[in-house]
Amino acid sequence: MGIALHRGTVAEVVLDFPPVNAVPAAGWHALAAAITEVGTDPATRVVVLAAEGRGFCAGVDIKEMQRTAGHEALLAANRGCAAAFAAVYDCPVPVIAAVHGFCLGGGVGLAGNADLVVAADDATFGLPEVDRGALGAATHLARLVPQQLMRTMVYTCRRVGAWELHRFGTVLEVVPPAGLRRAARRVAEEIAAKDPLVVRRAKESLNGIDPIDVKRSYRFEQGFTFELNLDGAGDRARDAFVRKDADG
């Protein structure tokens, strides 16, 4: 349970926080550290970011926030998410997100900042933040879907499937769940066969020409989460989520 790290020319970083990969604050920081560690290893040429369990990532651990007095857990989760998303984006080598099941909230932050996405045919992507009294990761969703659809998904909390993202070109391949890791590794090995110095410079140059500073944009979004929390909307929404989950 936690973050598994497998070194190699194609390194794997694997999320495993049962039952739904709702990542606690410390887990986001651990994920950032793991990606940074393998990405800065000269032997690494590509990183595959994957997950165990029912889905890729359900976002932050809301129950942790609600059972922790004060704002400590909320602040830690927000800083942890920012660190993990930035680690994916800043990783010196390409990062491939292998997404299955649900990819929600923070999961979208990870996938949206990855260099490319391979998805299982059961994968769905969404931002339930409005229903949770928070905002964030629209920055990353906008890298996966067109602007108007991104806005619709934020306002309505609707999810879209892997095949729809494949039509947009933001998911490279859609495969059966059993073949997901294999498909991601196949693409990773294709990239890893290139000159590693050239690929690292390519990653650096592509980040340099991005039209949006994804780290600053995301932190701007997060500011509204703190505002909603001070207004009481955040706590109300999180409490309602915890009660609903407890009722089944």
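I started with the cysteines: the sulfur of Cys 57 lies 7.0 Å from the closest cysteine sulfur, that of Cys 103, which is too far for a bond. For Cys 81 the closest cysteine sulfur is in Cys 57, at 7.9 Å, again too far for a bond. I took a disulfide to be a pair of cysteine sulfur atoms within 2.5 Å, and by this rule I count 0 disulfides.

A note on my source: this is a predicted model, where local features need pLDDT of at least 70, side-chain atom pairs count only at pLDDT 80 or more, and totals for chains, interfaces and linings use all residues. Residues are numbered from 1 along each chain as its sequence is written, and side-chain values use heavy atoms, with hydrogens and water left out.

Next I checked burial (buried is under 20% relative accessible area, exposed over 50%, partly exposed in between, with a 1.4 Å probe and protein chains only). Cys 57 counts as buried because its relative accessibility is 0%, and Cys 81 is buried at 4%.

Then I looked up Trp 28, which touches both Cys 57 and Cys 81, and also Leu 110, among others, leaving out residues up to four places away in sequence. Contact here means heavy atoms within 4.5 Å.

Last, I turned to Thr 124, which is partly exposed at 23% relative accessibility. Its contacts, again leaving out residues up to four places away in sequence, include Cys 103 and Arg 159. Thr 124 and Leu 104 are 20 residues apart in sequence, and their C-alpha atoms are 8.0 Å apart in space.
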